[in-house]
Structure formats: C-alpha cells, structure tokens
Amino acid sequence: MQKIIIKEKFEQDWIRMFTHLANLFFEQSNIILEDDVDAIQASMSLERNSAGGLLGRSSLTRDGIDYFAEFSEIEEDGDAKVKTRQLKRIYSHIFLDVLEQATGMRQSWGILTGIRPMKLYHKYRQLGCSFEEVRQILMKRHRISRDKSEILSKIADVQLRAVPDLYELKNEVSIYIGIPFCPTKCAYCTFPAYAINRKNGRVETFLDGLHEEIREMGKWLTERDMKITTIYFGGGTPTSIEAEEMDALYETMYASFPNMNNVREITVEAGRPDTITPAKIDVLKKWGIDRISVNPQSYTDETLKAIGRHHSVQETIDKFWLSRNMGMKNINMDLIIGLPNEGMEEFKHSLAETEKMQPESLTIHTLSFKRASEMTRNKDKYKVADRATVEQMMKLGEEWNVANGYEPYYLYRQKNILGNLENVGYSKPGEESIYNIVIMEEVQTIIGVGCGASSKFIEPETGKITQFYNPKDPAAYILSYEESIEKKLAHLNTIFPVTVNK
C-alpha cells in the first residue's frame, strides 16, 4: 500500500476523490494526514490570479525528488454545486499532474474516475458545442488524451446515426428483465447469478413472481400508453431456464406490455453457450427475437476452466453456428482482455477465431476486479496481465475491429479496471444495440423487473436520476417482489405524473 500525506485538511468526500486518483497509479493507496517517513508528501493550494481565474498549485515529493504543477480556469458562475465541482476539477488536475510526473505513468482518461465519458461528451454536445470544440474541452478541462477524445467523437457520431432521436427519448422507457440463474458462476462476476438449482421449486417460484411483476408494470405502461424503446433480458443467463419457461415468459410480456409492435429492439442474453439448445432458439424465433449474445470471453479452454465457465471453446463455436443457421440474425459476442494467464498470443487467437464467425457486434471488456467477485477475494490465485500488456491488447482489439468493418458504438469504464482502460462495444454499421446506448448514456428511464434488476428513474425535465434495486437473492425476491412493485410504481408516478405520448 502506498501512503500519501496531503498536508492540507480536506473533507472525506475530497479524500475519496484523491484516493481514486492515486489508485490509478498504485495498486492500493491510503491518503493520510499525519507524518510518516514512508509516505509520499503532497501539498495543494488555490488562489485567484490576476486574470480573474482560479489558480491551483501542487507539489509532491517522492524519494527526495520534488515535482510541481499548476492549473487555472476562469471562475464559473453558479450555485454551490457548480463551484464545488469546479474546485474538485482544479484540484484533480494538479494532483494528477504531479503523480504522473512522479511515476512516469500517463493516464489517458485524465481526471475521470467515476464518470461516464460518453455521457460527458453528449452533455457538451447538447450545450451546442461542435465535435471539435468538445474534443478540445475534454483534453483541456478533463486531461483526456487526444486518442481517447477521438474515439468518443467516433462513438457519438455512430450513436446519433443509430438513434437520431437519442436526446428526445426521455418520455419513453426501456425495460430490463433479470433472470438470476447460470449453469455456474464465473470467477470475475458480481452480477445476480446463482447456479441454477431445481430443488425446492426455487426457479418456478421466482418465475411466478416475475410474471406478476411484468403484468403489473404492463398495467401502468398501458394506462399511460407509454412507448417502450427496447427490452433487454439479462441476468444471470436468461437462457438458463427451460424452453417452455422462456415461451411462457415471452407470452406474458407480449400480453402485458403495450405497443409491442413498436418496440425497436428485444435482446436476450444467451451468454453461456452451454444453455443454448435448438428448442430455445425455436422459442426465440416464435416471438420474433433474433438479437442474442453468445459470449466466449476467451478461446482458450484452460482459461475457461480457470474462471469457472463449464463449457469448451468448441461448444461456443458450435452454438454460434447453431444459432446462426437457425435464423439468429444479430449475434453479439464478448471477449475479455486480461483474463488469468492470458497475454497477447491468447488474445490474438481469440480474435482469429472471432474473425471466422463475424458476429454482428463484439464487445471487448477489460477485466475489472469487482469487490465481491471470487477473483478479487483470491487475487493471489489469478495471475493477470500487466498494464503495458493490456494496453497492447486493447490497441490490437481496436485495430482488428477497424480491419473487419466494425465501428465503436458505446464505451464505459469501471473502477479497478486493468490498466485504467475501458470496455468498448463494436458493431457492424446498422447493427448497434440501442439498449446499450440508452442505458450507458442515461437518456431515459429503465424499468428493471426480476431478480437483482436495477431501475433508473430519470426525471424528464431535470435529468435527475433515482435508482431502485430489486433484491439480488431469489429467496429474498420471492418474499418481497410485491413490495418492489409498489415502490417502483411510486417512483414512476412521481416522474411521469401526467399522461404522455397520447
């Protein structure tokens, strides 16, 4: 653990901000306020300069060497939140600058640690800035590198082409339906995912509650003639349940939700190849669903065993072609860079195998050590690639996608992600997932139903976001889904108090 002394006194939320920045450079850091001979010494100050701006200065001493930085901005008008946000940005600049000097590490995402880069990009676009003006703002105000600012620009262009009314979707909603079961739980996973177990009727009882939740949400949507933009079945693995259970669920969905013929997109995560069967594909086709995911994560059998995926590489390939030949027209695949014992050669192999299949979209994730995952609890057991290697892998993935006719269309970042990198979704032109775009850019309310489902209620006029989480554990969900329905309806009635879209 790297200790860093900050001589000035800051409140706890500021200390958290400095800690997040320091963790970009050190595996684990601790901001302390008392003297310690083993600690890096840092100091920061702020003053008004002669040009009427705010000038921040910082100094940092590491191993007897001093580093200095400064950054200034014109003072912004606004309320206390606006002023605090600007002060935090200035202090983040000068702290990041001296840390970069002291470590020799360059942070391509600049001072961004807990914010969605694309959402920030769209904010400036909606304020009337041109693409070039936004790039300049991102580089100067947020210290984002030119390469990263350019990929954001490309993604924004693709998103607005795929969803021209992206900024006008606030009076529509999308639906997320969570199925919490998987054949086994992957070592890196913290999603609501429980090894499917038919004992004690747990699956059947959960599905009974889910049907009821869908019907009740459907009543509310129908009363308001509310438009649904997209529907997304996630989890877990939604194809873990039996074909007849899937059929009954889709039947309830079509019977309950209004205007189903106008829904732009329905997606079913069939992420685990070991759950895909001809009978289940027949059910998907019956209900007109042809957008699915078949997720390899890696094309190395040893890696799949290490992370707890009980399927083989060959099964992934076989199930992809089964899905394609049975009529699935839009298939997404996921790859994860930085998985245990994988480097450039293994990732090159995964890309070579993907090239043979040419899925409509490919998401390249960077491994993230999520707090509650098996991999995080037992880090010593899982040897992962270093920062330089994962950066090379990400670059290779970008080049491969360009060479194969894919475009980046969404991007998001997570804390504790290897190399302080990102996750990028690529697609063939016209095959973008609208759901992925709207949920990442937070442009509309997402109603979550099912186990572990997260609802994001977005106030149409102010953009204020309120989140609500259904219980993650199936047993808890079964006991409390009726209460969850009532709370969600209360939130919905608050943000949509009058009839819309009539």
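1. Contact here means heavy atoms within 4.5 Å. This is a predicted model, in which local features need pLDDT of at least 70 and side-chain atom pairs count only at pLDDT 80 or more, while totals for chains, interfaces and linings use all residues. Residues are numbered from 1 along each chain as its sequence is written, and side-chain values use heavy atoms, with hydrogens and water left out.

2. Leaving aside neighbours within four places in sequence, Tyr 176 is in contact with Tyr 232, Gly 234, Gly 235, Tyr 435, Ile 446, Ile 447, Gly 448, Val 449 and Ala 453. The residue is found in strand E6 (residues 173-179); helices (H or I, at least four residues) and strands (E, at least two) are DSSP runs, numbered from the N terminus. Tyr 176 counts as buried because its relative accessibility is 15%, the classes being buried under 20% relative accessible area, exposed over 50% and partly exposed in between (1.4 Å probe, protein chains only). The side chain of Tyr 176 also reaches the backbone nitrogen of Gly 235 at 3.0 Å. That is a polar contact, defined as a pair of N or O atoms within 3.5 Å; within protein, one must be able to donate a hydrogen and the other to accept it, and residues adjacent in sequence count only if both atoms are side-chain atoms. Met 394, by comparison, is 218 residues from Tyr 176 in sequence and 29 Å from it in space, C-alpha to C-alpha.

3. Arg 291 is a charged-residue case to check. Its place is in strand E11 (residues 291-293), and it is buried, with a relative accessible area of 12%. Its side chain makes a polar contact with the side chain of Glu 265 at 3.4 Å, and a polar atom of that Arg 291 side chain lies 3.2 Å from the backbone oxygen of Glu 432. Beyond four places in sequence, the contacts of Arg 291 are Glu 265, Ile 266, Thr 267, Val 268, Asn 330, Glu 431, Glu 432 and Ser 433. Leu 24 is 267 residues away from Arg 291 in sequence and 37 Å away in space, C-alpha to C-alpha.

4. Next, the helix H14 (residues 434-441). It is mostly covered, with 7 of its 8 residues buried. Those buried are Ile 434, Tyr 435, Asn 436, Ile 437, Val 438, Met 440 and Glu 441. Just after H14, Glu 442 takes a positive phi of about 50°.

5. On packing, a nonpolar core is a set of buried Ala, Val, Leu, Ile, Met, Phe, Trp, Tyr and Cys residues joined through side-chain atoms within 4.5 Å. The largest such core has 95 residues, of which Ile 175, Leu 210, Ile 231, Tyr 250 and Phe 257 touch the most other members. Helix H6 (residues 202-223) gives the most to this core, with 8 residues. A second, separate core of 30 residues includes Leu 21, Phe 26, Ile 40 and Leu 99.

6. For aromatic rings, those of Phe, Tyr and Trp (its six-membered ring) pair if their centres lie within 6.5 Å; planes under 30 degrees apart count as stacked, over 60 as edge-to-face and the rest as tilted. By this rule the count comes to 18 aromatic pairs. Phe 233 and Tyr 250 form an edge-to-face pair, 5.2 Å centre to centre with 75° between the planes. This pair links distant parts of the chain, with Phe 233 in strand E9 (residues 228-235) and Tyr 250 in helix H7 (residues 243-256), 17 residues apart. Phe 233 is buried at a relative accessible area of 1%, and Tyr 250 counts as buried at 1% relative accessibility. Tyr 409 and Tyr 410 are also edge-to-face, at 4.9 Å centre to centre and 65° between the planes. Ring pairs also link Phe 10, Trp 14, Phe 18, Tyr 91 and Phe 95 into a cluster.

7. Strand E4 (residues 53-62) and strand E5 (residues 65-74) pair in the antiparallel sense over 10 bridges; two strands pair if DSSP finds at least two bridges between them. Leu 60 stands opposite Tyr 67 in E5. E4 and E5 form a hairpin with 2 residues between them, and Asp 63 in the turn has a positive phi of about 55°.

8. How many disulfides does a search of the whole structure find? The count is 0, with a disulfide taken as a pair of cysteine sulfur atoms within 2.5 Å. Cys 129 is buried at a relative accessible area of 16%, and Cys 451 is buried at 3%.
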